[in-house]
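Trainee: I have not seen this structure before. Could we go through its charged contacts and the reasons behind the labels?

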Amino acid sequence: MTDYARMYRFGVRPWERYPKVAAADVAAVLDGAAEGRGRPLGRALDLGCGRGIYTRELARRGWEAVGVDAVPQAVEEARDRDPAATATYVVGDVTRLRGLGVGPVDLFLDVGCFQGLDAADREAMGREVTAVARPGSTLLMMAFGVTRWRSLIGGVSRQDVAEAFPAWDVRSVSEVDLKGLHWPMNRSSPRWYRLDHTGRAPG
C-alpha cells in the first residue's frame, strides 16, 4: 500500500492534480448528488479526505461535511486550509468508521481511497460505510480500473466495488474526463461509481 504519510511529509501529492484539471467533472458529480434532495442536505463524509479539497466543496454546496483521513498531517493541513471551519476533519481509518462518531451519513464521497486498499481492507471499508450509513444514502466513488500499473496507483473492477458493498446497488458507472491527467493516471481507466444503499442486510 502507498505510504501516504511519507508522501505528505515530503510534499508529494500527485492526487491533488485531478480536482484542478477536472474541476467541471467533479462539480457535475457533486451537484448531481444534491439533486432532488430537500434542505438541509444532510451529512456528507469524505473518505480519505487528504487536505480537504473535496470536503470543503461539499460544505460549500450545503452539506454538513466531515472529512476523515488516516494521516494526521493531512488532517492538520485540511483544518489549516479551512480557517472558517466550514467542515469537520477527523483522523481515522476508513476501515474503522464506527468508532469515530461520524454517522449517520447521507452521502459518502471517495476519490481514490478504496482503489488503494487490499481485498481485506476493501471488505472492511464496505462493512464500516454500511454501518454508519443512513438508509437511502448514496456513495460516489472515483476509482482507477485494474491495469498493469495497479501496484503503483491502485485500481479496482466493478466486481470489486459490488462485492465490498453487498447492501448497496451500483446505480451507474461513468467514465472520467482524462484531459489534463498525466502518465500513469491517464492509462488507468478511471470511473465514477454511484451506489445507493438499499437498506437490506448484507450477505
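Trainee: How many salt bridges does the structure hold?

Mentor: This is a predicted model, and the structure holds 12 salt bridges.

Trainee: What makes the contact of Asp31 with Arg61 a salt bridge?

Mentor: The closest N and O atoms of Asp31 and Arg61 are 2.7 Å apart. The cut-off is within 4 Å, so the pair is called a salt bridge.

Trainee: Where in the chain do Asp31 and Arg61 lie?

Mentor: Asp31 is in helix α3 (residues 23-34), and Arg61 is in the loop between α4 (53-60) and β2 (64-69). They are 30 residues apart, and the pair links distant parts of the chain. Asp31 and Arg61 also belong to a network of salt bridges with Glu57 and Arg60.

Trainee: Why is Arg61 called buried?

Mentor: Arg61 has a relative accessible area of 16%. Buried means under 20%, so Arg61 is buried.

Trainee: And why is Asp31 called partly exposed?

Mentor: Its relative accessible area is 40%. That value lies between 20% and 50%, so Asp31 is partly exposed.

Trainee: How do you know that Arg122 and Asp160 form a salt bridge?

Mentor: Their closest N and O atoms are 3.8 Å apart. That is within 4 Å, so the pair counts as a salt bridge. Arg122 lies in helix α6 (residues 119-132) and Asp160 in helix α8 (residues 158-164), so the pair ties together parts 38 residues apart in sequence.

Trainee: Are Arg122 and Asp160 buried or exposed?

Mentor: Arg122 is buried, and Asp160 is buried too.

Technical notes:
Residues numbered from 1 in each chain as written. Predicted model: local features only at pLDDT ≥ 70, side-chain atom pairs only at ≥ 80, totals over all residues. Heavy atoms only, no water. Salt bridge = Lys/Arg side-chain N within 4 Å of Asp/Glu carboxyl O. Helix = DSSP H or I, 4+ residues; strand = E, 2+ residues; numbered from the N terminus. Buried < 20%, exposed > 50% of the residue type's maximum accessible area, 1.4 Å probe, protein only.
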